[in-house]
Amino acid sequence: MSKKKIPEWRKTAKLLLWAAKLHIARWSAYRMNVVVWVFTIWCTIAIQVLFGALAYQASGENIFGNDGHTLVVFLGMTLLATGIAQSIVHGVVLHLGRCVWTGQFDYWLIQPPGIVVRLFLEDMGLVWFIPHIFVGAGILVWQLSAWLAAWAILIAIISAVVEIGVVLCICIPAIRWGRWDPSAGLWEYFDRARTIPVLRSGNLLLMIISAGVLHYSVALEVYKGSFSILILLAMAVAANVGAMYLLKNMVRSYSSASS
Amino acid sequence: MHSTLSQTRVFLAQQMIHREFWLQVVIEVILPVSIPLLVWLSLLGSGVTLAEFTSSSMRQYYFFVTIIAILSHTEIQMDLSRLVHEGTLSQWLLRPSSAVSYISSIILSRIVTLALPTVVVGALMVIFDPQIFLGMTPAHLIAMSALIPLAILVACMVNILIALMSFWFVEVEGIFAGTSLILGFLSGMVMPVELLPSIFREIGEWVPYQYVFAAPIRAIIDPGLENVKQAILGQLIWIVVLGALLRITWGAGLRRFDAVGN
């Protein structure tokens, strides 16, 4: 009797599901930490929203060409996108750093599944940023008609892919050659920088300093129809191709001992 | 004292191995502080009025926020929580060199390391915005030399107090991030307190970080005797209060400490 071969994608899907279950079980054991971090993250968001609201009021209710409604949509899109992105990438970076520095990365390289799937299996970072996804999507559904909300959600998903690529592009070289995990600092910087869309501020220095989150301003322009979605897609492809290139170089140069 | 200085030299040498610390300061301190400044400057440039602030006074305000934020970014809470959770604090309780000396040396070595980004930020301001310094008198310099070290001391004491929560909690990094964020916001780190709604201004008057950012910066920018006196008095009161709280928390924490890590 011939045994039916299980397709590779189903094996991967099963592994990912199992990883998600383990991840939630693990964080359930540290409920207090999760609560503290979720509280801290939402305090940051509240402070930034207040800063945005004060800047908006001071500007005569039109900040850099955006009215209140647009800013609320921008908030929804950024929350949803950063929720998706950080849910995936935060744990990836955290575990990648630990594995490379302790020499455990060997196991990632020699045991199935492949390195990219393995990255996502190790720690899915799901818990802290789950509220972002619900609140962000909720804001979009509450503020927009069904079609517009779907459009904004699609743009947010592409922005999330850009954010994943940007974080990996910064973190992979830092982990491999700098023995440093900048993800916590990056999170702080991203949260502060993406409060207000700055693309139309006319301040070059502000745009340079906000470069890590400039894709959110581009996303808003795509939502408003000023830019083509292809620009955002190109940014997503570029950031992730860069990340994969750096990962390839990291794997090649990894010396199989704690580094 | 000699032992503290020797340990400071050792930690400084360790710190020099991890030079990425400077990049961390750029990402975690300098960039986040620069963004609100540039937003306010863009708004001021388009004719918006922000309390009594002009572009120049806003730049001056955020310059001092950046300097104090950099110098108080000692991250001592991470070292302390590691000491408690790994159980290595016990060796500092037994050795002739005390735990206080050990903690002081870490803080001193970090401040020396942080001097570099502080000087770089100062030099950049001198090059690109010399007006900030042109109007400075000896009174400004005297006020700065007294207020900034005291502000850093208050910030370090708050950080240590939060770090001592390690005796009760497994992870204090989240508690530290949340507390310093709220305290910083209420005391002018994100934006000048004059721009905050009155409810937040009133709450901010009662937190120690008021004497890390808002009050000292006000006194440095306008070094009238009354402003300087009020800021220094506030800083000294908070140093005494925090000192007492540290003593109580340290004693209570040590009674709980099981010296095997957790």
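A polar contact is a pair of N or O atoms within 3.5 Å, where, within protein, one atom must be able to donate a hydrogen and the other to accept it. The close-ups below are all taken from a predicted model.

View 1. Because buried means under 20% relative accessible area, Ser159(A), with a value of 1%, is counted as buried. When residues up to four places away in sequence are left aside, Ser159(A) touches Ala81(A), His215(A), Tyr216(A), Ala219(A) and Leu232(A).

**View 2. The salt bridge of Arg194(A) and Asp191(A).** In this pair, the closest N and O atoms are 2.3 Å apart. Both partners are buried, since Arg194(A) has a relative accessible area of 7% and Asp191(A) has one of 3%. A search of the whole structure, over all chains, finds six salt bridges, and the pair of Arg194(A) and Asp191(A) forms one such bridge.

**View 3. Glu221(A) with its partners Arg200(A) and Lys224(A).** The side chain of Glu221(A) meets that of Arg200(A) in a salt bridge, with 2.8 Å from N to O. This pair links distant parts of the chain, for Glu221(A) sits in helix α10 (residues 214-224) of chain A, while Arg200(A) sits in the loop between α8 (183-193) and α9 (204-209) of chain A, and the two are 21 residues apart. Glu221(A) is buried, at 3% relative accessible area, whereas Arg200(A) counts as partly exposed, at 47%. Glu221(A) also forms a salt bridge with Lys224(A), and here the closest N and O atoms are 3.7 Å apart. Glu221(A) and Lys224(A) both lie in helix α10 of chain A, three residues apart, which is about one turn of the helix. An α-helix has 3.6 residues a turn, so residues three or four places apart point the same way. Lys224(A) counts as partly exposed, at 34% relative accessibility. Through shared partners, the salt bridges join Arg200(A), Glu221(A) and Lys224(A) into one network.

**View 4. Helix α6 of chain B and its kink.** Helix α6 of chain B runs over residues 99-128 and has 30 residues. From its first C-alpha to its last, helix α6 of chain B reaches 43 Å, close to the 44 Å expected at 1.5 Å a residue. At Ala115(B), shortly before the proline Pro117(B), α6(B) has a kink of about 30 degrees.

**View 5. The interface of chain A and chain B.** Here 32 residues of chain A are in contact with 32 residues of chain B. The size of an interface is often given as the accessible area lost when the parts come together. Between them, chain A and chain B bury about 3,000 Å², and 80% of this area is on carbon and sulfur atoms. In chain A, the residues that lose the most area to chain B are Phe51(A), Trp180(A) and Arg192(A), which together account for 23% of what that side buries. Zero salt bridges are found across this interface, while two residue pairs, both at pLDDT 80 or more, are in polar contact between chain A and chain B. On the side of chain A that touches chain B, the elements giving two or more residues are α2 (31-58), α8 and α9 of chain A, and α2(A) gives the most, with 14 residues.

Conventions. Residues are numbered from 1 along each chain as its sequence is written. Chains are lettered from A and ligands numbered from 1 in the order in which they are written. This is a predicted model: local features need pLDDT of at least 70, side-chain atom pairs count only at pLDDT 80 or more; totals for chains, interfaces and linings use all residues. Side-chain values use heavy atoms; hydrogens and water are left out. A salt bridge is a side-chain nitrogen of Lys or Arg within 4 Å of a carboxyl oxygen of Asp or Glu. Buried means under 20% relative accessible area, exposed over 50%, partly exposed in between (1.4 Å probe, protein chains only). Helices (H or I, at least four residues) and strands (E, at least two) are DSSP runs, numbered from the N terminus. The expected span of a helix is 1.5 Å times one less than its number of residues. The bend at a residue is the angle between axes fitted to the seven residues ending there and the seven starting there. Contact means heavy atoms within 4.5 Å. Buried area is the accessible area (1.4 Å probe) that two parts lose on being put together, summed over both. A polar contact is a pair of N or O atoms within 3.5 Å; within protein, one must be able to donate a hydrogen and the other to accept it, and residues adjacent in sequence count only if both atoms are side-chain atoms.
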